[in-house]
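Please walk through the strands of this chain, then its backbone exceptions and its charged side chains.

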Amino acid sequence: VSNFRYLCDVGPIYADLLISNPGKEELSAIPAKALVDTGSLFLVIPSHIAIQLKLKEYEKREVTIADGSKKLCNDGGPILLEYVNRQCLTGALVLGEEVLLGAIPIEDMDLIIHPAQLKLIANPANPNIPGAIVK
């Protein structure tokens, strides 16, 4: 499913996320180990997480996966995504068996990849509150 691009050939980077449905606060958040996938734009979750969170399907979307083939998948939400001291509201593509954290939620939470530590970290320029460029 992933077309993960290795950063300086250091290997894959994973992030421990908390995924919840902000519209259904009675449901427990789901912890998930996500592959940080800068080759993907979106959050991608397996169907069992979408079912557990009772996500609404907004539309079908045709996506191109790593092997170049196309798949039809659900685009659903809402999702509250949490990582370290950051969070964002997003949707997710429902596909595959692994959580993938793509570029849009990474940017939305103002996170950066630290290749030497093989981890995703809060932007050191904005350690306490996420920053964003809006111009």
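Lys 71 is found in strand E5, where helices (H or I, at least four residues) and strands (E, at least two) are DSSP runs, numbered from the N terminus. At 41% relative accessibility, Lys 71 counts as partly exposed; buried means under 20% relative accessible area, exposed over 50%, and partly exposed in between, with a 1.4 Å probe and protein chains only. Leaving out residues up to four places away in sequence, Lys 71 touches Arg 61, Glu 62, Val 63, Ile 65 and Leu 95, a contact being heavy atoms within 4.5 Å. Leu 95 is 24 residues from Lys 71 in sequence, and their C-alpha atoms are 8.7 Å apart.

This is a predicted model, in which local features need pLDDT of at least 70 and side-chain atom pairs count only at pLDDT 80 or more, while totals for chains, interfaces and linings use all residues. Residues are numbered from 1 along each chain as its sequence is written, and side-chain values use heavy atoms, with hydrogens and water left out.

Strand E5 covers residues 70-83 and pairs with strand E1 (residues 14-20) in the antiparallel sense over three bridges; two strands pair if DSSP finds at least two bridges between them. In this pairing, Leu 18 stands opposite Glu 82 in E5. E5 also runs antiparallel to strand E4 (residues 56-64), joined by eight bridges, and here Glu 57 stands opposite Gly 76. E4 and E5 form a hairpin with five residues between them, and Gly 68 in the turn has a positive phi of about 90 degrees.

Strand E6 (residues 86-94) is antiparallel to E5 and joined to it by eight bridges. Asn 74 has Val 94 in E6 as its bridge partner. This hairpin has two residues between E5 and E6, and Val 84 in the turn has a positive phi of about 40 degrees.

Now to the backbone exceptions. Most residues other than glycine have a negative phi, and most peptide bonds are trans. Within strand E5 lies Pro 78, joined to Gly 77 by a cis peptide bond with omega about -5 degrees. Lys 54 has a positive phi near 50 degrees. Lys 54 is placed in the loop between helix H1 (47-52) and E4, and with 51% relative accessibility it counts as exposed. Leu 118 likewise has a positive phi, near 50 degrees. The loop that holds Leu 118 lies between strand E8 (111-114) and strand E9 (119-122), and Leu 118 is partly exposed at 37% relative accessibility.

Lys 60 is partly exposed at 48%, and Glu 57 is partly exposed at 40%.

Where do Arg 86 and Asp 110 lie? Their side chains meet in a salt bridge of 3.8 Å, N to O. Arg 86 lies in strand E6 and Asp 110 in the loop between helix H2 (103-108) and E8, so the pair ties together parts that are 24 residues apart in sequence. Arg 86 is buried, with a relative accessible area of 2%, and Asp 110 is buried at 9%.

How values were computed. A salt bridge is a side-chain nitrogen of Lys or Arg within 4 Å of a carboxyl oxygen of Asp or Glu.
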